[in-house]
Amino acid sequence: MRKLVIGCGYLGQRVAEAWSAAGHEVHVVTRSADRAREFSALGWMAHVADVCQPATLRCLPTVDTALFCVGYDSQSAHSRSAVMVDGLAHVLDVCRDRCRRFLYTSSTSVYGQCQGEWVDERSVCAPTQPGGVCCLQAERLIAATFSAPHGAGEGAQILRLAGLYGPGRLLARGATLQRGEPLPGRGDAWLNLIHVDDAVACLLACEERGKAGETWLVCDDQPVRRIDYYSALAELIGAPHPQFDETVPASRGGGQLNKRCSNRKMRQELGVFLRYPSYREGLPHAVGR
């Protein structure tokens, strides 16, 4: 089968690797010619294109499954909305008729709950931060695009990912802890996490067993207080006990939003076995211990 990854970064590249290992023909999209050469050396079909430049997307092939997991680069010359919403619209204009299944990686930031409430796929989405607002707009764009049936087994699926972590993803926070500097935001706020390897497994299970038109919340089994998570990380890397500064806004909403995410639907409908059901199992792997 033919697969397409749009946004071949931390998560997307791992999905491409899994598809390639399973014997599929893998196509990837990147803005960088150097990255395209790296991907080609792996045996993938690399396409140099930019979601913010519609004309470059005409090269996208017809595939069985397309995955859109384009992250926002704060150094980009484009706005968050231009990349995450308008860029998605440009891709959908091309891919709608060139793929059987469209997977979109959204975020649990679409939930604005801040009192420690449990949330699931039925909970009200009222994002309070720019990333969450753009993700919800993107979800609605996908729903509108695929509202008319394309045919048996075709459509879109949305996966709302919790905080992604894994090897190479903890460097900035680890350095802050090593320096003994306070972390921004609240220490008692809840974190919702998913190890990158388990996120890949969820995406593949969604493609294989998930019903088209559905949304899944992708997180591990156990929300964790930020103080507990960063205390465990500090212990693993030999850093001082973490301190927090509530007067400084945390990046990406950490310590400001405060909800607990349920993965019950993911567990029941996708039958995913998590290798890292909580941070206790995942953190040692992420830091190489």
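In which strand is R160 found? Please take me through its surroundings, and then through the sheet and the charged pairs.

Modeller: Happy to! Please keep in mind that this is a predicted model.

R160 is found in strand β7, which covers residues 155-161. The residue is buried, because its relative accessibility is 6% and the limit for that class is under 20%. Its side chain makes a polar contact with the side chain of Y111, at 2.8 Å. Leaving out residues up to four places away in sequence, R160 touches S106, S107, T108, V110, Y111, E121, C125, E139, T215, W216, L217 and V218.

Now to the sheet around this residue. Strand β7 belongs to an open sheet of 7 strands, and the order is β3-β2-β1-β4-β5-β7-β12, with parallel pairing. The edges are taken by β3 (45-48) and β12 (215-218); each has a single partner strand, so one side of each has no neighbour in the sheet. On average, neighbouring strands are turned by 20° against each other, with direction ignored. In that order, β7 stands between β5 and β12.

Strand β2 (residues 25-30) pairs with β3 in the parallel sense, over 4 bridges. Here V28 stands opposite A46 in β3. Helix α2 (residues 33-41) packs on the sheet and touches both β2 and β3, with its direction at about 170° to that of β3.

Apart from neighbours within four places in sequence, R80 is in contact with Y72, V85, P130, G131 and C134. For a sense of distance, R80 and V94 are 14 residues apart in sequence and 21 Å apart in space, from C-alpha to C-alpha.

That leaves the charged pairs. Side chains of opposite charge can pair when their charged atoms come close. The model has 12 salt bridges. One of them joins the side chains of E207 and K3, at 2.4 Å from N to O. E207 lies in helix α6 (residues 196-209) and K3 in strand β1, so this pair ties together parts that are 204 residues apart in sequence. Both partners are buried: E207 has a relative accessible area of 17%, and K3 is at 2% relative accessibility.

D120 and R122 meet through their side chains at 2.8 Å, N to O. Here D120 counts as buried at 17% relative accessibility, whereas R122 is exposed, with a relative accessible area of 76%. The other salt bridge links R179 with E181, whose closest N and O atoms are 2.8 Å apart. R179 is exposed, with a relative accessible area of 53%, while E181 is partly exposed at 37%.

How values were computed
Residues are numbered from 1 along each chain as its sequence is written. This is a predicted model: local features need pLDDT of at least 70, side-chain atom pairs count only at pLDDT 80 or more; totals for chains, interfaces and linings use all residues. Side-chain values use heavy atoms; hydrogens and water are left out. Two strands pair if DSSP finds at least two bridges between them. Helices (H or I, at least four residues) and strands (E, at least two) are DSSP runs, numbered from the N terminus. Axes are lines fitted to C-alpha atoms, for helices over the stretch in contact, and angles run from 0 to 180 degrees between N-to-C directions. Contact means heavy atoms within 4.5 Å. A salt bridge is a side-chain nitrogen of Lys or Arg within 4 Å of a carboxyl oxygen of Asp or Glu. Buried means under 20% relative accessible area, exposed over 50%, partly exposed in between (1.4 Å probe, protein chains only). A polar contact is a pair of N or O atoms within 3.5 Å; within protein, one must be able to donate a hydrogen and the other to accept it, and residues adjacent in sequence count only if both atoms are side-chain atoms.
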